[in-house]
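Load the structure and keep it in view.

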Amino acid sequence: MSHPVDHHQVAIGSDEPVVVTEVAPEIVVSPAAAKSRSFLGLLKYMVDWYPKSYSALERRTVFKLDCFLLPVCGIMFFLKWLDQSNVNNAYVSGMKEELNLNGNQYSLFGTFYNIGYLAFQIPSLLILSRPHLARYFIPTCEVLWSILTFSQSRMENAATIYGTRFLLGVLETPVASGSLYVLSSWYRPDELYKRAGVWYVCNNAGVMFGGYMQAAAYTNLNGVGGMAGWRWLFIIDGIFSLPIALLGYFIFPGLPASGKPWWLTANQYQLAKKRMNEEGMEDSVKFSKTKIKAMLKRLFTNWHFYIAVLTYTFFLSSGYPNGQMGLWLKAENKLGAHWTVPQINTIPTGVSAVSIVSTLLLTSLCMLYPLWVIMSINQAILLFACLCLLIWNIPVALKFLCFYLFGFTAPVTPILIPWVNRILRDDAEARAFTTGAMLTFGWGLNAGFPIAVFPVVEGKTHIFASPRWKKGYATDLAFIFMVWSLFTLGQYLEKRDEKKAARNRVIDEESKFDEEASHVEIAKVD
């Protein structure tokens, strides 16, 4: 709606002011850009982030979101995965020998991290859904985990590793699911998927960077200051993390309902809110017993919650890279190979490179093709890789290829979670609760999954007894199929509900028209 602005001017030859009313320009949300499924259309969609159909104000608004919100979320996610993956790099770079670690202690590192991660998942998302807390919650958690990262350089035994990994899991909880929750609160659906893809590849960049950083630390810092190279890795990691965490207090905007961030003008902020309101994205409301009961009833009596939670739970344990490639390379040395420590750290980073390419490509396709088609292609690739590794006795080159193809697990999260946020866009608390539940149940299963089906067992006879992991890849095969089946079912149910809602709207409009016609007839009779 336009808003009148009054200016008082004095008319010539009169002492009386004349009121001149100007009309401020109306803030209008632009239509989505037209999309083509041709190859050129795909390329254009991938690179055209600011469509010509957008007004100048809207292009500038989205550009500022891309300059401030997207980078800070991406860098925080990068640092989360850098912190999370570096314990794997440290393990194969001297920590195992120095701390005399054995048996399944390596798998327990991830288990304790996941326990902390899942315990705080739903509470952290509900905290983040509070507008007055959202702006400061994630930066505060990152400051605390940066301090904890420094402390990992002083770990002396398995017990201290378990403790620090648990606390890191708690503190890093809001960054993954929380970032997507925040991004889906500022970006329209046709903008979100490819930005979620860019955000998500920051995790793969973190894993890659961690491998190269550990190789450099082992080569150049091993023994400096009386410390092993793997200890320096955590110090360098903390040096990266702490300044970014502090910067988050000044840049991270929280939610649209948190108030205007300093880097948006008043008109840009109003447009940003209006865009999401027109997409049906509801702001958070104050918690009450009635609200909580209504939210839980809505979730537990509809399919959305169950499809979202089950799909993500199966996904997190269906071929999700857990360091098997590095362990396999290290095991090959016991059988006559000659992989060096830097090579063991850097060769598996190829998985992350595949993840980056596949994520950017498939998330860009999401607004051009049905989501079930994209997910079917993705899961077919994972099924092939998993089946080959289950067979195991295959050419070494094919084995390398299959490990790298597991990088195709990466696109699932930036496709699935934005989709869930979209189908629950009319209830902010339901979005937060469901997203938190997805990661809680997913990481809950994943906490014990590596120990059960991907054990790291070392025996006296066979130094590295079982890098083959038959049980693990057989289970992964079933889980990958379940991810595809559940997601496809969710797509069918969504389309069914949309058709039903469209029919109901037609019926409502016809009833309203008939009622108005009846009033007209009565008026004529009178």
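Start with the cysteines. The number of disulfides is 0, where a disulfide is a pair of cysteine sulfur atoms within 2.5 Å. A disulfide is a covalent bond between the sulfur atoms of two cysteines. Cys386 is in none; its nearest cysteine sulfur belongs to Cys402, 9.4 Å away. Cys402 is in no disulfide either; for Cys402 the nearest cysteine sulfur is that of Cys388, at 3.9 Å. Cys386 counts as buried because its relative accessibility is 0%. Cys402 is buried too, with a relative accessible area of 0%. Buried means under 20% relative accessible area, exposed over 50%, and partly exposed in between (1.4 Å probe, protein chains only).

A word on the basis. This is a predicted model: local features need pLDDT of at least 70, side-chain atom pairs count only at pLDDT 80 or more, and totals for chains, interfaces and linings use all residues. Residues are numbered from 1 along each chain as its sequence is written, and side-chain values use heavy atoms, with hydrogens and water left out.

Now the core. A nonpolar core is a set of buried Ala, Val, Leu, Ile, Met, Phe, Trp, Tyr and Cys residues joined through side-chain atoms within 4.5 Å. The largest one holds 128 residues. Among the members that touch the most others are Leu69, Met95, Phe109 and Trp419. Helix H2 (residues 56–98) gives this core its largest share, 17 residues. Helices (H or I, at least four residues) and strands (E, at least two) are DSSP runs, numbered from the N terminus. Take Phe109: leaving out residues up to four places away in sequence, Phe109 touches Val87, Tyr91, Met95, Leu101, Ile161, Tyr162 and Arg165. Contact here means heavy atoms within 4.5 Å.

Next, Gln268, in helix H10 (residues 266–278). Gln268 counts as buried because its relative accessibility is 5%. A polar atom of its side chain lies 3.0 Å from the backbone nitrogen of Thr265. Beyond four places in sequence, Gln268 contacts Leu57, Arg60, Thr61, Lys64 and Trp263.

Last, the largest pocket. On a 1 Å grid over the protein atoms alone, a pocket is an open set of points where a 1.4 Å probe fits, with protein on both sides within 12 Å along at least five of seven lines; lining residues have an atom within 4 Å of a point. The largest pocket contains about 670 Å³ of space. Its lining has 26 residues, with Arg422, Ile423, Arg425, Glu494 and Glu498 nearest the centre. H20 gives the most to this lining, 8 residues.

Definitions and conventions. Polar contact = N/O pair within 3.5 Å; in protein donor to acceptor, adjacent residues only side chain to side chain. Points joined across faces, edges and corners; volume = space filled by probe spheres on them.
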